[in-house]
Amino acid sequence: MPTALQPARSSRRQWVALAVLMLPVLLVSIDNTVLNFALPAISEALQPSGTQLLWMIDIYPLMLAGLLVAMGSLGDRIGRRKLLLIGSAGFGIVSVLAAFAPSIEYLIAARALLGFFGAMLMPSTLSLLRSVFTDREQRRLAVAIWASGFAAGSALGPIVGGFLLEHFHWGSVFLIAVPLLLPLLILVPLLVPESRDPHPGKIDVPSILLSLFTMLPIVLGIKRVAEGGFDLIGVAAVLIGLAAGILFVRRQKRLETPMLDPELFRHGAFSGAVLINLFSVIALVGGLFFVSQHLQLVLGLSPMNAGLILVPGLVVMIIAGLAVVPIAKRVRPSRLVPAALLISVGGYAAIALSGGQISALGIAITFTALGLGIGAAETVSNELILTSVPANKAGAASAVSETAYELGAVLGTAILGTILTASYRAAVELPLGLTAAQQAAAGETLGGAVAVAGQLPVDISQALLDSARAAFDSGVGLAAWIGAGLVLAAAVIGLVMLRKAR
């Protein structure tokens, strides 16, 4: 009898371990969504410039993108569970510090530290799934549930964050990390076995530095070019990053145990899945950036009501991620992924065709289409990333996947967000009677204009709000067309690069 019951006990333990490993996923996705909805409150409280506001958003995924490969390799060497616990403790402590940031500079610094510790969380959770679930069918379902944690957190974020923002200080949104991470610190040592590369080799400091000097300058250069066009600093930053990347690849080829094995990218399914994740996340995060502000600052909804508008799309994303699992057994990825992403292209195209003049109901419908396609495609692509590489490289492969995700988050706000900011600055018309400080704040961002409008007489206030909202929406149509193009590119990549994947 004990022998017969053993598989059942083992299976229950696996699924409980999955639930624990989803806590960091929920945390990261809640944090991203809550921050978007907290932008108006932060803008009013700390009065950041447009550039500071973008840096406050971008610095967290920027640090993640620069460190994920190094942290994934470090987890392969010292133990993925150990790295997860270190990251969780650090993330919780810094979240408390961020909640009480007295200035925008302090908050930017805290977000940078959150990125440092966050880089320890995500590669560990996905790579540990491979050691917990050894059966392919169980692992595919586990990855689908893990991926649905991003959408679940995004759905919970607006509701929980909206409640907190309506009743408490904006810093309360950062304190959500504490109740999520405390159970993880207690349960992970009890439920999740340690996992590492059995032949890890030494930690190669030059490789870590080269990976940083590859990611950071490239992302900074793209931000610079997106903000002000092609200039010497932006182009030089991208070239420095590319040069460091070439040196990084050459060094990895010479090392006996490389930090990131270039051979991983010889697998077409692996490379294609990573690119699909990158393009999809750029489109999704960029969309959230302008949709959340449109709902609150243009349509005048409260943070909670604005969040509820997006919940149907996020719930559909969860359902699509789970429902695609049995379909993926019968339909080849090269057909399934493009078909799903074309639905998302339709959602973005609908926003673009509206020219930014879209109602709350319209946003709910189009965001549902966006979530349906991306939710299904990312379940398939994440599972391909895990299964198309050797088991001992799970940490490095997971780190590449998460780097694509976080780089996509950076580029989503850097490219689409900067296009919106530039369009706003060019189109907004400030009424007479504003002080120099009020002109600077209202001319930078829509949130700044709303804050300034509250200080003005009714007639001038209304004129400023009308101009600011029209200026903001003037860039939404263009940003939506770019989003549609990015998702379409991801669909083409799936069609071409996943042909040999089963």
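Q: What are the axes and angles in this account of packed helices?
A: Axes are lines fitted to C-alpha atoms, for helices over the stretch in contact, and angles run from 0 to 180 degrees between N-to-C directions. The model they are applied to here is a predicted one.

Q: What makes α9 roughly parallel to α11?
A: Helix α9 (residues 268-298) and helix α11 (residues 333-354) pack at an angle of about 25 degrees. Angles under 35 degrees count as roughly parallel, so α9 is roughly parallel to α11. The axes of α9 and α11 are 12 Å apart, and α9 passes α11 in a left-handed crossing.

Q: Which residues make the contact of α9 with α11?
A: From α9 come Ile276, Ser280, Ala283, Gly286, Gly287 and Phe290. From α11 come Val337, Leu341, Tyr348 and Ile351.

Q: How do the residues of the contact of α9 with α11 divide into nonpolar, polar and charged?
A: Seven are nonpolar, three are polar and none is charged. Gly counts as polar by the rule used, and Gly286 and Gly287 of α9 are part of this contact.

Q: Why are α9 and α12 called roughly antiparallel?
A: α9 and helix α12 (residues 360-387) pack at an angle of about 160 degrees. Angles over 145 degrees count as roughly antiparallel, and therefore α9 and α12 are given that name. Their axes are 10 Å apart, and the crossing in which α9 passes α12 is left-handed.

Q: Which residues in α9 and α12 meet?
A: In α9 they are Phe270, Ala273, Val274, Asn277, Ser280, Val281, Leu284, Leu288, Val291, His294 and Leu295. In α12 they are Ala360, Ile363, Phe367, Leu370, Ile374, Glu378, Ser381, Asn382, Leu384 and Ile385. The contact divides into 15 nonpolar residues, five polar and one charged. Glu counts as charged, and Glu378 in α12 is among the residues that meet α9.

Q: How many aromatic pairs does the rule give?
A: The count comes to two aromatic pairs.

Q: Why is the pair of Phe116 and Phe117 called edge-to-face?
A: The ring centres of Phe116 and Phe117 are 5.1 Å apart, and rings pair if their centres lie within 6.5 Å. The planes stand at 80 degrees, and over 60 counts as edge-to-face. Phe116 and Phe117 are therefore an edge-to-face pair.

Q: Are Phe116 and Phe117 buried or exposed?
A: Phe116 has a relative accessible area of 32%. Under 20% is buried and over 50% is exposed, with partly exposed in between, so Phe116 is partly exposed. Phe117, at 17% relative accessibility, counts as buried.

Q: What makes Trp170 and Phe174 an edge-to-face pair?
A: The ring centres of Trp170 and Phe174 are 6.4 Å apart, which falls within the 6.5 Å limit for a pair. Their planes are at 80 degrees, so this pair is edge-to-face. Trp170 counts as buried at 5% relative accessibility, and Phe174 counts as buried at 3%.

Q: How do you know that Asp31 is buried?
A: Asp31 has a relative accessible area of 9%. Buried means under 20%, so Asp31 is buried. Asp31 is in helix α1 (residues 2-46).

Q: What is Asp31 in contact with, leaving aside its neighbours within four places in sequence?
A: Asp31 is in contact with Tyr60, Arg111 and Phe174. Asp31 and Gly153 are 122 residues apart in sequence and 8.3 Å apart in space, C-alpha to C-alpha.

Q: Why does Met259 count as buried?
A: Met259 has 6% relative accessibility. The cut-off for buried is under 20%, so Met259 counts as buried. Met259 lies in the loop between α8 (232-254) and α9.

Q: What makes Ser467 and Ser461 buried?
A: The relative accessible area of Ser467 is 16%, and that of Ser461 is 11%. Buried means under 20%, so Ser467 is buried and Ser461 is buried.

Q: Which residues do Ser467 and Ser461 touch, not counting residues up to four places away in sequence?
A: Ser467 touches Val428 and Glu429. Ser461 touches Ala453 and Leu456.

Q: How many helices and strands does the protein have?
A: The protein has 16 helices and zero strands. Of its 502 residues, 59% count as buried.

Technical notes:
Residues are numbered from 1 along each chain as its sequence is written. This is a predicted model: local features need pLDDT of at least 70, side-chain atom pairs count only at pLDDT 80 or more; totals for chains, interfaces and linings use all residues. Side-chain values use heavy atoms; hydrogens and water are left out. Rings of Phe, Tyr and Trp (its six-membered ring) pair if their centres lie within 6.5 Å; planes under 30 degrees apart count as stacked, over 60 as edge-to-face and the rest as tilted. Buried means under 20% relative accessible area, exposed over 50%, partly exposed in between (1.4 Å probe, protein chains only). Helices (H or I, at least four residues) and strands (E, at least two) are DSSP runs, numbered from the N terminus. Angles under 35 degrees count as roughly parallel, over 145 as roughly antiparallel, 65 to 115 as roughly perpendicular and the rest as oblique. A crossing is left-handed if the near helix is turned anticlockwise from the far one by less than a right angle, and right-handed if clockwise. Contact means heavy atoms within 4.5 Å.
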